[in-house]
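Please consult the sequence and the structure shown below.

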Amino acid sequence: MQQDFLDGIRSPADIRKLSIEELPQLCSEVRGYIIDTLSGIGGHFASNLGVVELTVALHYVFDTPTDRLIWDVGHQTYPHKILTGRKSKLSTVRKFKGLSGFPKREESVYDLYNTGHAGTSISQALGEAVARDLNGKDYGVIAIIGDASIATGMALEAMNHAGHLKKNLLVILNDNYMSISKNVGSISNYLNNIITSHFYHNWKTVFYTFLKWLPIIGPAMESFFKRVEKGFKDVFTPGGLFEDLGFSYIGPEDGHDVIRLVRMLRKVKEMEGPVLFHVITQKGKGYTPAEKDPIKYHGVTPFRKEDGRMESSDESKIAYSKIVGKVLTMLTEENPKVAAITPAMIEGSGLSEYVSKFPDHVFDVGIAEQHSVAFAGAMTNGDVIPYMCIYSTFLTRGMDQMVEDVSLMNLPVRFVIDRAGCVGPDGETHQGLFDLAYLLSLPNMDVFVPSSGQDLVDSLKFMEHYDKGPIAIRFPKAAVALSSLDFERRTDLDPGSFRVLKRGTDIALLSIGSMLPEATEAASLLEEEGISVTLIDLAWLRPLGKEALDEELSRVRHFAILDESYMDGGATGYLLQRISNELIGKYLKSFSFPPEPIHHGERKEIFGEYGLTGPAIAKWIFSSLKKEVLQGKRH
């Protein structure tokens with residue numbers, strides 16, 4: 001009868017008590033636990049199933065946490081969390097005040113960095129290795145990076161630096177798309193056994209030392225044999241690029257053979273200098289529906305374990321992201337100059353339908369945000385109409401290009417910024433709370449903030465012919481009733497205008513974009529308490545209708561700003577710089593996020609935590625105005 005190992009794992013030290021022959025069963029138990037747990041709660045799925053054996057092998061071979069494991073992207077760390085004392089909490093992953101869906105320093109000593117963006121791990125690993133050597137210490141440093149992330153500019157820059165410094169560090173390339181690897185098999189395994197052997201490295205050192213001492217012909221012979229060695233490796237392994245960057249390349253290896261992985265890692269561990277160990281894995285490994293469609297099962301809602309069927313979505317609603325894809329499809333049908341750009345987010349940005357109909361009009365540049373922005377700017381110079389579709393959190397990576405390659409040259413890129421504001425379960429690394437701060441500081445950049453699905457439809461259509469300079473729209477991860485949308489209409493949004501939804505005399509609520517539902521509820525609750533409210537939907541932030549806004553504010557005693565951004569980096573400072581001086585004294589408060597990491601949870605839970613719900617806003621305003629009345633009576 002087989003023993004259950006997973007229940008006895010409290011830390012990686014317990015894994016190392018097992019025999020190597022017992023590891024496959026442990027892997028099976030970890031994979032089963034992930035399937036059982038996520039079928040009930042959802043979360044990142046296929047990527048975690050794909051790294052079970054690799055995670056077990058790493059914790060088995062290396063003395064974690066003394067040896068440092070650094071994960072890239074981080075959505076594949078559920079097995080890591082299970083094996084590092086957080087198994088019982090996995091059911092809380094991505095939930096309010098539960099486990100993060102990514103590595104998080106506050107959770108565990110085994111999580112070195114709060115990770116959520118791609119391409120960072122090699123830079124961090126090299127920094128750790130340099131710090132280790134400066135302090136005269138001795139421990140391993142291992143970066144685990146995926147095949148998509150290793151192509152990022154940051155990762156390549158880090159590898160180039162690591163190859164120059166020659167520090168001992170291990171980079172594990174988790175290749176789960178067979179993108180650069182076709183030759184897993186006996187020849188590759190045989191070569192890897194030779195390359196990682198002590199005999200091979202000792203012989204190579206002695207041989208090249210001997211050649212250096214040969215008079216006259218020594219340097220030429222050394223150069224010749226190194227070229228022969230490199231050519232031999234390039235023929236039989238796909239590691240030529242990594243060798244050129246100064247890494248010893250090992251692989252590819254089967255990333256689901258845990259015993260083989262352990263044996264290879266033990267050898268690789270003893271190698272000197274920077275080493276890249278290439279493993280092949282399969283996203284969704286061990287769960288047939290996820291193996292067949294890893295994109296669909298990348299992130300899942302609760303699903304039926306027997307067949308993988310997820311909870312059906314409400315077909316009466318449409319996500320904002322899908323509105324983007326639908327409208328761009330309509331625009332391109334009429335105007336062949338329209339194109340879409342995305343940094344590796346076809347599905348997330350709602351472009352699946354669009355790419356199926358207009359594959360030549362969609363440019364997925366990979367995880368290369370800086371390139372994507374400069375690329376979009378150059379397209380406008382060639383008389384194309386580019387829609388730059390990107391998540392708010394990832395746009396921050398293209399800031400230099402937004403300044404130098406778009407804004408200063410006034411190139412009319414259309415920025416479509418998804419997941420702006422509070423993103424919910426993805427947490428602090430993915431919150432879209434910075435974009436208004438830099439958008440409103442950029443020369444020539446106009447900014448429209450849709451407050452409804454129809455606004456989004458209208459603004460996407462309006463942007464097509466808005467070519468006086470760059471323009472951005474930003475919207476949250478949300479969905480609206482499909483029946484509320486008119487996809488056929490084309491509305492002139494009248495730059496600099498805003499909507500006055502109701503007029504009062506006590507306080508004006510300046511609502512920006514996605515805060516309109518909370519502002520509307522707050523206004524209703526205040527009016528029930530006898531407070532007269534002006535409600536303004538301030539969709540155009542730039543150009544701003546300053547004179548008209550001043551006129552509205554002159555009619556009320558106070559005003560407050562509602563903005564789903566950081567309070568020090570949203571629209572508040574921008575607005576207060578433009579509202580007339582004689583009206584500034586009426587400013588009461590901005591309802592926005594404080595300058596601290598905003599953790600994960602459902603949007604409503606997070607809004608409640610920070611007092612950004614309609615009832616909380618109304619309560620604060622009523623209490624403040626009530627104090628003012630009482631103070632007035634005393635005087």
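The points that follow are grouped by topic, from the whole chain to a single residue.

The model is predicted. It comprises 26 helices and 21 strands, and 56% of the 635 residues of the protein count as buried.

**Overall features**

- Among contacts in the protein with a separation of 6 or more, 76% join residues 24 or more positions apart.

**The five-stranded sheet**

- Five strands form an open sheet with parallel pairing, in the order β2-β3-β4-β6-β5.
- Four bridges join β2 to strand β3 (residues 141-146) in the parallel sense.
- Within the pairing of these strands, Trp71 stands opposite Ile144 in β3.
- Helix α12 (residues 258-269) packs on the sheet, where α12 touches β4 (169-175), β5 and β6 (274-280).
- The direction of α12 makes about 170° with that of β6; an angle over 145 degrees counts as roughly antiparallel.

**Packing of two helices**

- Two packed helices are described by the angle between their axes and the distance between the axes.
- For helix α2 (residues 23-41) and helix α5 (residues 78-86), the packing angle is about 110° and the axes lie 10 Å apart.
- Angles of 65 to 115 degrees count as roughly perpendicular, and α2 and α5 are therefore roughly perpendicular to each other.
- On the α2 side, Val30, Tyr33, Ile34 and Leu38 make the contact, while α5 contributes Tyr78, Pro79, Ile82 and Leu83.
- Sorted by class, the contact of α2 with α5 consists of eight nonpolar residues, with no polar and no charged residues.

**A buried aspartate**

- Asp458 lies in helix α20 (residues 453-464).
- The relative accessibility of Asp458 is 2%; because buried means under 20%, Asp458 counts as buried.
- When residues up to four places away in sequence are not counted, Asp458 touches Arg489, Thr491 and Leu493.

Notes
Residues numbered from 1 in each chain as written. Predicted model: local features only at pLDDT ≥ 70, side-chain atom pairs only at ≥ 80, totals over all residues. Heavy atoms only, no water. Pairing = 2+ DSSP bridges. Helix = DSSP H or I, 4+ residues; strand = E, 2+ residues; numbered from the N terminus. Contact = heavy atoms within 4.5 Å. Axes fitted to C-alpha atoms, helices over the stretch in contact; angles between N-to-C directions. Parallel < 35°, antiparallel > 145°, perpendicular 65-115°, else oblique. Nonpolar A, V, L, I, M, F, W, Y, C, P; charged D, E, K, R; others polar. Buried < 20%, exposed > 50% of the residue type's maximum accessible area, 1.4 Å probe, protein only.
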